[in-house]
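Please consult the sequence and the structure shown below alongside the text.

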Amino acid sequence: MTADPADAVAARFHESWAGLLAAGHGAAVHPGILRRLVSRTAALLHRAQRDQPFEASYAEQAGALLVDAHFTDPSVLARAVGLLHEQPDSDGRGPALCGAFAAGWAGALRERTLREQEAIRTAADAARLDAEKALRASEARFRALFESAAIGIGIGDTDGNILAVNKALQDIFGARPEDLQGHKVNELVHPEDTPGVWEAYEELISGKREYLQFDKPYYRRDGEVVWTQLTVSLIRDDDGSPQYQVAMLEDITDRYRRQERLRHQATHDSLTGLPNRAAFFERLEKIFEDPEPEARFGLCYVDLDGFKVVNDSLGHETGDQLLAAVADRLKAALTPLGHLVARLGGDEFVVLLENCRGEQEAVAAAKTVLNALDGPVLIGDHKLAVGASVGVLERRVATTSPGAAVRAADLTLYRAKEAGRGRWTLFDPKETARAVSRYAVSVRMPAALDRGEFFIDYQPLHALADGSLAAVEALVRWRHPQLGVLGPDEFVATAEETGLIMPLGRWVLEQACGQAADWVRRFGDAAPQMNVNLAVRQARNAGLVGDVGRILQTTGLDPRRLQLEITESTVVGPEDEALKTLHKLVGMGVSLAIDDFGTGWSNLAYLRDLPVSGLKIAGSFVGDLHDPRKDEHTGWRIVSGLVSLAHTLGLTVTAEGVETGGDAARLREIGCDWAQGWHFGRPVRPGEIARRIAEGGPVM
């Protein structure tokens with residue numbers, strides 16, 4: 001049986017059609033779906049070719065089905081039209097068939113595009129509506145928060161213009177919106193603004209910081225001051241550039257005033273309203289924090305004369321009224337002069353003179369105290385005569401400490417009372433030292449060593465040639481439980497008088513040699529020489545040589561690293577037994593130096609015969625160089641002469657009391673070997689000396 005030619009043509013078309021679709025988008029279509037699409041569209045196209053009369057809708061359906069199956073690439077359309085055009089065409093319907101197929105494909109593609117555009121438009125409209133709804137909700141929430149917030153909120157731009165304020169902020173300032181909006185932020189300054197608040201604000205609006213927070217006062221519209229806790233945050237745009245600032249202010253006026261009341265109560269005397277002991281010491285200690293080299297201060301320590309009689313005879317209530325009246329008089333007389341008046345307790349008051357111009361100003365303040373209390377005080381029906389004694393202290397800040405200054409002024413006050421009361425007495429270092437010894441030192445010292453109350457600081461001595469650390473001087477301190485830290489000037493004299501200098505001196509020598517040996521083990525040759533002071537009584541003691549030998553052996557310190565400092569009064573003549581002791585010490589390898597040369601009788605003949613290798617020029621020589629009442633040129637000539645004399649005798653010269661770089665340079669020029677003083681460092685703990693040794697840097 002012969003095959004139908006029409007069926008063969010249909011089969012070939014089906015095969016070609018399947019290949020055409022598979023080569024395009026069909027590679028991404030599931031094979032089963034692709035087969036059904038090929039069969040359906042091929043059948044429609046076959047009917048369009050064969051059916052009579054010609055029905056264009058079959059070809060249009062085939063084109064539309066391809067678009068529905070995502071065959072939308074124009075190249076697919078071109079190949080399909082080409083394939084249809086190649087098919088046998090006996091009745092001339094080929095062009096119509098191709099046109100109908102293309103029309104169906106194009107129409108379907110247009111409908112699909114319209115649907116997609118409509119879907120996109122609908123989605124965009126929905127998104128826009130959602131965004132507008134969310135924005136309105138967000139704005140509503142912000143507005144509700146902004147308007148109803150309990151804290152004040154203000155919004156400004158980066159030029160400092162206030163753009164919006166809420167009700168709470170208006171209430172804080174007692175203002176209307178127009179009183180704030182349109183004004184500049186920097187118009188809201190206050191004299192008590194925290195230091196740095198406006199510098200921080202400039203950093204914020206320039207974008208260098210994100211927020212700032214301070215406690216800041218403002219003036220209300222009625223002139224009252226309101227204290228706030230201010231927080232300002234920076235708002236940036238999408239590019240990160242500063243755009244707005246948001247300030248939040250919480251009214252803390254009540255809290256601030258409570259704190260101020262508590263602070264005032266903590267620092268002021270409840271009876272007189274004057275600053276109390278704590279406030280006085282806080283003010284005094286600030287003077288010592290970072291003083292200028294020549295800064296001075298003064299103290300007038302005031303104690304009422306006969307106050308106990310008033311209390312005992314008229315009662316404590318009258319006594320309290322008298323104290324309050326005295327405080328008012330002192331405050332009225334001295335506060336206008338810029339002086340602080342404080343009550344320390346009982347009937348004791350103190351006047352602090354900052355930046356004092358000298359003893360004359362301190363004495364003038366003491367006279368002002370006595371003049372203020374000269375007239376009687378009316379208390380009820382009583383006219384009470386009130387007098388006072390005043391201890392006056394005037395010193396350079398660099399020469400003392402707060403505790404030592406108050407002790408010295410207090411002891412000077414008692415000297416004024418002993419001299420007859422109703423007067424002022426000026427501080428005398430020698431009298432104060434004797435008073436300390438008399439009232440405290442002699443009582444406590446016997447047991448102080450056993451209690452571990454003594455310790456040693458070390459003052460550096462530097463070579464002037466290169467600024468290197470050459471030696472340290474061991475300086476004993478006493479941590480007295482009542483008097484605080486005492487220097488050697490306040491107790492060594494009493495220790496010598498009582499004989500306690502012997503065990504104390506032995507202990508100092510043991511501690512200093514042990515410390516020096518430790519530095520040698522840690523730092524080798526970089527370790528400094530150890531200088532230890534010998535009291536006269538020690539040098540005259542027959543057991544000194546044995547003590548030094550035992551200590552050197554126990555600690556392992558090389559004798560050449562130990563120098564003992566003696567005073568000019570240690571040896572009083574060529575036959576003195578102490579001279580033999582000194583020679584024995586030198587024979588052991590220990591070196592000797594004369595301390596404070598120039599303060600004693602300075603017999604130069606004995607200086608030639610003593611077994612010393614060093615001489616220390618007393619600090620008073622260098623200090624006098626800056627005394628305007630003395631000739632500086634003559635002073636330098638004296639120092640230069642002492643240096644030359646010592647060098648002639650083969651001695652190393654150390655200048656004490658060097659406090660400026662200029663003095664150090666001048667001493668170096670005249671040939672002085674070593675120097676010590678505050679320019680090179682105060683006496684410090686062993687750890688600080690170890691740090692300097694490790695650093696190894698010069699001090700010039």
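A residue is called buried when its relative accessible area is under 20%. By that criterion, buried residues make up 44% of the 700 residues in the protein chain. The model discussed here is predicted.

**Overall fold**
- The protein chain contains 25 helices and 21 strands.
- Its radius of gyration is 50 Å, well over the 27 Å that the globule rule gives for 700 residues, so the chain is more spread out than a compact globule.
- The C-alpha trace spans about 165 × 80 × 50 Å along the principal axes of the chain.
- Of the contacts in the chain with a separation of 6 or more, 64% are accounted for by residues 24 or more positions apart.

**Surface and charge**
- The accessible surface of the chain comes to about 35,800 Å², and carbon and sulfur atoms hold 52% of this area.
- The chain carries 77 positive and 99 negative charges, whose mean positions are 3 Å apart.

**Nonpolar interior**
- In soluble globular proteins, nonpolar side chains tend to be buried together.
- In this model, the largest nonpolar core has 70 residues, and M530, L562 and L564 are those with the most contacts inside it.
- Helix 17, which covers residues 501–523, gives the most to this core, with 11 residues.
- Leaving aside residues up to four places away in sequence, L562 touches L509, C513, M530, V532, V548, L552, L557, V590 and S591.
- One of these partners, M530, is itself among the residues with the most contacts inside the core.

Notes. Residues numbered from 1 in each chain as written. Heavy atoms only, no water. Helix = DSSP H or I, 4+ residues; strand = E, 2+ residues; numbered from the N terminus. Rg over C-alpha atoms; globule rule 2.2 N^0.38 Å. Buried < 20%, exposed > 50% of the residue type's maximum accessible area, 1.4 Å probe, protein only. Contact = heavy atoms within 4.5 Å. Areas by Shrake-Rupley, 256 points an atom, 1.4 Å probe, with all protein chains shown as cover. Lys, Arg positive; Asp, Glu negative; His and termini not counted. Charge placed at Lys NZ, Arg CZ, Asp CG, Glu CD. Core = buried A, V, L, I, M, F, W, Y, C linked by side-chain atoms within 4.5 Å.
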